[in-house]
Amino acid sequence: CDVTNNTNVINSSIETRFYAKTCPNVATIVRSVIQGAMQSDPTITAALLRQPYHDCFVNGCDASNLLDNSDTITSEKDSPLMKNARGFEVIDKSSPPLRLHVQSGGPSWNVTLGRRDSLTASQAKANTDLPASFSNFSTLASKFFNKGLNLTDLVALSGGHTIGHSPCSTIKSRLYNSLLKELQKLCPRNGDTNPVTDLDPRSPTRFDNSYFKNLQTNEGLLITDQNLWSSPGCPTIDLVKKFSDNQSLFFDHFVYSMNKMININPLTGSNGEIRLNCRKVNKAY
């Protein structure tokens with residue numbers, strides 16, 4: 001089916017059945033594409049799970065992060081804070097992305113649909129609005145607050161780091177602070193920045209609550225991870241412990257917070273467009 005049949009529909013609502021008439025099998029199609037991608041690369045689930053975050057923190061949820069460079073667009077993909085983003089080729093085949101991480105054992109939910117796509121991108125906003133992996137707790141929290149999210153959302157969404165991995169270039173400052181010597185061997189101080197290591201060494205391919213257990217033993221890979229537990233007087237310590245003790249509670253909050261995030265300033269009605277090609281605005285297609 002072709003979801004672009006909705007291109008000219010002026011509908012200001014965002015709902016789970018937005019494509020019920022024009023593309024009733026969209027969820028099945030997307031799930032099939034993701035399953036195929038996972039067979040060749042099991043880590044792609046984590047990469048896709050990060051995409052809404054990269055999108056929604058920059059001018060709202062409008063798919064601006066998918067646009068390539070053009071004569072009129074400076075792509076957000078070239079922002080230093082998005083240099084490790086991937087999975088674009090899967091989104092090309094399966095947009096809109098649905099049920100991205102249920103394949104890895106995480107909770108499932110019905111994703112609301114109907115957001116329209118932006119006509120431009122903002123690399124400058126990507127550079128300022130996306131938190132860096134070395135951000136201190138105050139900076140990290142303020143960036144979430146600026147998007148209408150709270151500390152519970154911050155901790156729950158950070159729990160998405162229970163799957164996926166990170167390159168040495170992102171974690172070096174953490175390695176030479178207080179993390180494991182084995183990781184120092186993987187990422188020598190002046191060595192190659194390309195090797196990657198699991199964000200959650202306990203269960204790197206399972207979406208579970210072991211991420212929060214890692215923080216309590218000082219095994220959070222990113223500075224932004226470990227600061228949720230280790231920053232003196234940090235108000236998120238109690239949440240880390242609760243999610244560590246109760247996986248169902250974490251799953252419930254993750255779903256709630258993900259739904260909040262993917263509804264940050266969406267384009268609806270006559271604003272934006274529904275792209276024929278995720279990487280280009282329609283007039284340039």
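Biologist: Is Lys125 buried, exposed or partly exposed, and why?
Modeller: Lys125 counts as partly exposed because its relative accessibility is 32%, where buried means under 20% relative accessible area, exposed means over 50%, and partly exposed lies in between, using a 1.4 Å probe and protein chains only. Please keep in mind that this is a predicted model, in which local features need pLDDT of at least 70 and side-chain atom pairs count only at pLDDT 80 or more, while totals for chains, interfaces and linings use all residues. Residues are numbered from 1 along each chain as its sequence is written, and side-chain values use heavy atoms, with hydrogens and water left out.

Biologist: Which side chain does Lys125 meet in a salt bridge?
Modeller: The partner is Asp129, at 3.2 Å from N to O, a salt bridge being a side-chain nitrogen of Lys or Arg within 4 Å of a carboxyl oxygen of Asp or Glu. Both residues lie in helix H4, residues 123–129, and are four residues apart, about one turn of the helix; helices are DSSP runs of H or I with at least four residues, strands are runs of E with at least two, and both are numbered from the N terminus.

Biologist: What other residue does Asp129 form a salt bridge with?
Modeller: Asp129 also forms one with Lys147, with the closest N and O atoms 2.9 Å apart. Asp129 lies in helix H4 and Lys147 in the loop between helix H5 (137–145) and helix H6 (151–158), so this pair ties together parts that are 18 residues apart in sequence. Asp129 and Lys147 are both buried.

Biologist: How many salt bridges are there by that rule?
Modeller: The count comes to 10 salt bridges, and one of them pairs the side chains of Lys241 and Asp245 at 2.9 Å, N to O. Asp245 counts as exposed because its relative accessibility is 56%, whereas Lys241, at 40%, counts as partly exposed. Elsewhere, salt bridges that share partners join Asp68, Lys77, Asp92 and Arg279 into one network.

Biologist: Switching topic, which cysteines does a disulfide join?
Modeller: A disulfide joins Cys56 to Cys61, S to S 2.1 Å, under the rule that the two cysteine sulfur atoms lie within 2.5 Å, and by this rule the count comes to one disulfide. The link of Cys56 and Cys61 is right-handed, with 120° about the S-S bond.

Biologist: Are Cys56 and Cys61 buried or exposed?
Modeller: Both Cys56 and Cys61 are buried. Cys234 also counts as buried, at 7% relative accessibility, and Cys278 is buried with a relative accessible area of 15%.
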